[in-house]
Amino acid sequence: MEEQIIYHPDFFVIPEGGGKPYLIAFQCEECGKTWFPILPYCPNCWSEKFKQRGLTRGKLYTYTIMYTPQKGIKPPLVFGYVDFPEEGVRVGAQIEVDAESTKEQLKIGMELEVKAGVIRQDDSGKDIISYKFIPAHIGGSEQ
Amino acid sequence: MNYRDVYVIGAGMTKIYKKAPVPADELGRQAIYTAVKDAGIAPKEIQSIFIGEMGGLSGSVCFGQRVCGTIGLGGVPMANVESACSSGAIAVHQAYKDVATGRCDVAMGVGVQHLSSSRAGGTGLAPDPRDPEGIQGATMAGIYASRAQRYLHEFNATPADLALVSVKNRRHAALNPYSSYQQPITVEEVLNARMIADPLTMLMCCPNADGGAAVIVATKEKVRQLGAKPVRIAASSLTSGIFRNDFRDMTEMEITIRCSQKAYEMASLGPDDIDMVECHDAFAIGEFLYYEAMGFCEHGEAARFIRSGGPDYGGKVVFSPRGGLLSCGHPTGCTGAAQIVEATWQLRNEAGARQVPDCKAAITHVTGGGVYGLDNAACTMHILTR
């Protein structure tokens with residue numbers, strides 16, 4: 001099996017023992033603004049103090065299906081922006097749905113969960129594992 | 001500080017090519033040559049020079065010096081400027097600033113790009129792969145398609161409405177000998193073209209292109225001395241993107257709203273005074289969002305605006321009279337300067353078959369750069385008047 005590379009371990013957690021994977025947003029303790037991913041200090045007030053906020057389930061703001069994606073990615077690629085209303089942050093990432101009925105499965109406003117999966121290959125052909133989204137009714141914990 | 005009035009005294013460009021017959025530096029020299037001849041000045045009268053090119057794609061450091069050296073333009077302050085698609089417009093902005101602030105009396109901004117030699121065909125222009133969305137596979141088409149998907153969800157608009165932008169701009173390009181694409185297209189052809197990023201088909205996405213454009217600016221005294229038709233730069237507005245991770249409204253072009261408010265304020269003009277706009281129609285949805293961001297119609301009304309002929313000849317304002325990026329092609333770093341050349345020709349009543357009738361005020365607008373967390377990395381707007 002090809003070696004796998006996990007991208008961004010500092011803000012994407014896959015719990016040992018089978019818990020649901022989650023992302024980490026960083027809320028500034030001074031001004032309250034939330035950022036994703038990790039930053040050395042707050043772009044708004046330059047404070048270095050952050051509170052970590054776990055992100056597991058959000059709502060689809062918008063999406064597209066790309067048929068001419070970047071090198072290293074096989075089309076079609078579903079990509080979307082997911083809002084986490086409580087935490088006040090939006091994350092753009094791949095969405096895993098059945099390619100044959102993609103449009104029927106995607107509805108703006110639907111709930112999505114974080115999951116781990118292969119997002120692309122690097123230049124040497126190795127899989128890169130990172131976060132992606134999956135419809136919440138299917139469940140992000142399934143691997 | 002009191003700024004001096006600044007005028008365009010020379011404008012020149014190459015044809016926009018699908019694949020240019022000469023390399024990047026030669027495109028720059030051809031554009032400069034036509035602009036200098038147009039101005040009727042001696043080349044050595046140019047006192048400062050700025051050259052815009054996206055991302056060093058020509059493969060040369062100090063690209064401007066390479067362009068200018070062998071045509072005898074060295075010895076003056078010269079700087080290479082880069083902000084993706086905005087590069088050429090920022091080069092003109094820098095030249096404007098030199099004259100406005102009294103740093104010199106004659107300055108030049110140039111934009112050049114030779115994409116056909118520097119990018120692989122069949123791949124989407126994408127944000128930096130180090131960006132969180134870049135590594136996830138987002139392309140520029142994908143990001144604009146996401147805007148379009150949300151726009152169609154929120155407002156009364158369909159993909160067929162978006163196709164009207166492509167059809168209109170191709171009809172305009174057919175009358176422009178400088179454009180890459182002149183064959184008319186229909187709404188059906190646009191909708192049935194290969195899907196790039198849903199809902200944007202290939203004919204709703206601008207093609208890669210090669211080209212060079214140069215703009216020479218000067219004081220009012222210089223215009224009088226030359227006896228040239230005066231085209232004034234009433235506003236030169238440049239701004240940068242603001243990093244945000246919260247719930248940005250992707251149907252609203254925040255950076256363009258800020259940049260246009262500043263431009264209107266500088267020029268003491270409003271949307272009702274404008275006769276034509278060359279905007280950053282890299283994707284059909286772009287024109288929709290810019291009608292609204294620049295105040296030509298209300299937010300959410302773009303489809304109705306284009307259906308009624310608002311942004312066309314005979315309507316409220318002519319958008320993309322040269323054919324826009326969609327049909328001229330988009331030589332990224334050149335485009336911003338090429339738009340200013342077009343506006344100059346239109347204001348001088350020299351635009352031939354595509355002349356906007358009685359054109360008195362023109363906007364050029366070009367954003368640039370997919371950088372994580374920013375609406376766009378850069379936005380540059382000019383308002384030119386006669």
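## A packed helix pair

At what angle do helix α5 (residues 140-154) of chain B and helix α10 (residues 284-293) of chain B pack, and how far apart are their axes? In this predicted model, the two helices pack at an angle of about 60°, and their axes lie 9 Å apart. Angles from 65 to 115 degrees would count as roughly perpendicular and those under 35 as roughly parallel, and α5(B) and α10(B) are therefore oblique to each other. The crossing in which α5(B) passes α10(B) is left-handed.

On the side of α5(B), the contact is made by B:Tyr144, B:Arg147, B:Ala148 and B:Tyr151, while α10(B) contributes B:Ile285, B:Gly286, B:Phe288 and B:Leu289. By class, the residues of this contact divide into six nonpolar, one polar and one charged.

## The chain as a whole

Chain B contains 13 helices and 12 strands. Its radius of gyration is 19 Å, close to the 21 Å that the globule rule gives for 386 residues, so chain B is as compact as a globular protein of that length. Along the principal axes, the C-alpha trace of chain B spans about 55 × 40 × 40 Å.

## Burial and contacts

Of the 386 residues of chain B, 61% count as buried. Among the contacts in chain B with a separation of 6 or more, 77% are accounted for by residues 24 or more positions apart.

Key
Residues are numbered from 1 along each chain as its sequence is written. Chains are lettered from A and ligands numbered from 1 in the order in which they are written. This is a predicted model: local features need pLDDT of at least 70, side-chain atom pairs count only at pLDDT 80 or more; totals for chains, interfaces and linings use all residues. Helices (H or I, at least four residues) and strands (E, at least two) are DSSP runs, numbered from the N terminus. The radius of gyration is taken over C-alpha atoms; the globule rule is 2.2 Å times the number of residues to the power 0.38. A residue is buried if 20 or more other C-beta atoms lie within 10 Å of its own, exposed if 12 or fewer, and partly exposed in between; C-beta atoms are placed from the backbone. Two residues are in contact if their C-beta atoms, placed from the backbone, lie within 7 Å. Axes are lines fitted to C-alpha atoms, for helices over the stretch in contact, and angles run from 0 to 180 degrees between N-to-C directions. Angles under 35 degrees count as roughly parallel, over 145 as roughly antiparallel, 65 to 115 as roughly perpendicular and the rest as oblique. A crossing is left-handed if the near helix is turned anticlockwise from the far one by less than a right angle, and right-handed if clockwise. Ala, Val, Leu, Ile, Met, Phe, Trp, Tyr, Cys and Pro count as nonpolar, Asp, Glu, Lys and Arg as charged, and the others, Gly among them, as polar.
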